[in-house]
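Please find below my comments on the model under review. They are set out as numbered points, beginning with a single residue and moving on to the whole chain.

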Amino acid sequence: MINSSLELNINTLINYTLKMIDKCEEILEDSIDCMINKDLEKASKIRSEDDEIDALRDYIRDRSIELMALKQPMAKDLRFVYALESICLELERIGDYSVNIADEVIKIGNEEYIKELVDIPKMKDICIEMLKDAKLALQNKDEDLAYSSAKKDDLVDKLYDCVQEHTLKVMHEKDINIDQGVRILFVGRYLERIGDHTTNICEKIIYALNGDMVEIG
C-alpha cells in the first residue's frame, strides 16, 4: 500500500497524469479530424492544445521532484513517482507528434488526396483506444488492462505497413504524387510512434504496480 503520508501527493500526480492523457486523446483526435476534413484553420490551432500538454508535463515533473526531495519516498511510493514522471514525458511526445500531423495537413493544404484515407483513421482509432485503456489501467491500478492495451500496438504496426505499401504504390504511379505521398507517410509514421509511446506508458504502469520492468511487443 502507498504510505498514507504520501498518498495525497501521489494521487494528485496521478490525477494530473489522467488529465494529461485526456488532453492527448483530444489533440490526436483533432489532428486526424483536421486531416480527414481538410480543416486547415483548426489544424493551425493544434499547437495551442499542445501548450496545455506541455504545461501539465512541467507541473508533474516539478511536483515529482518536490515529492522526492521533501518526502523521500521509498519502495512502491518511489516507483510510482518515477513512473508518473516518465509517463508524462511519453505523453508530451504524443502531443508533439499530433502537432506534427497537423503541420503535414497544413502543408498538403486543399490538394485532393492521392489515395483514400482508410488506414490512417483506423490507426488513430486504435491509438485512442490504447490511451483510454492506459488511463483506466492507471486509474484502477489494473496490470492486465495495461498489458492488453500495449498489445494493441501490433495492430497499429500492421496498419502502418498497409499505409506504406499503398502510398508507395501511388507515388510510383505518378511523380506528381511524390510530395503528398511523403507527407502521408510521415503521418503514418507519427501514428506508429504514438502507438509505441502508449506502449511505453503501459509498461511504466506495470512497473509502478509490481516493480517488473517489462518490454511488451
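1. Leaving aside its neighbours within four places in sequence, with which residues is isoleucine 27 in contact? In this predicted model, local features need pLDDT of at least 70, side-chain atom pairs count only at pLDDT 80 or more, and totals for chains, interfaces and linings use all residues. Residues are numbered from 1 along each chain as its sequence is written, and side-chain values use heavy atoms, with hydrogens and water left out. With contact meaning heavy atoms within 4.5 Å, the partners of isoleucine 27 are Ile46, Glu49, Asp50, Ile53, Gly95, Ser98 and Val99.

2. Isoleucine 27 belongs to helix α1, residues 4–37. Helices (H or I, at least four residues) and strands (E, at least two) are DSSP runs, numbered from the N terminus. Because its relative accessibility is 0%, isoleucine 27 counts as buried; buried denotes under 20% relative accessible area, exposed over 50%, and partly exposed in between (1.4 Å probe, protein chains only). Between the C-alpha atoms of isoleucine 27 and serine 98 there are 6.3 Å, although the two residues are 71 residues apart along the chain.

3. Serine 64 is placed in helix α3, which covers residues 46–71. This serine 64 is likewise buried, as its relative accessibility is 0%. Beyond the neighbours within four places in sequence, serine 64 is in contact with Leu13, Val81 and Glu85.

4. Helix α8 takes in residues 178–210, a run of 33 residues. From first C-alpha to last it reaches 48 Å, close to the 48 Å expected at 1.5 Å a residue, where the expected span is 1.5 Å times one less than the number of residues. Of the 33 residues of α8, 25 are buried, so the helix is largely enclosed by the rest of the structure. Glycine 211 follows α8 and has a positive phi, near 85°.

5. What is the secondary structure of the protein as a whole? It comes to eight helices and zero strands, in the order α-α-α-α-α-α-α-α along the sequence. Buried residues account for 51% of the 217 residues. Among contacts between residues at least 6 apart in sequence, 82% join residues at least 24 apart.

6. As to dimensions, the C-alpha trace spans about 65 × 30 × 20 Å along its principal axes.
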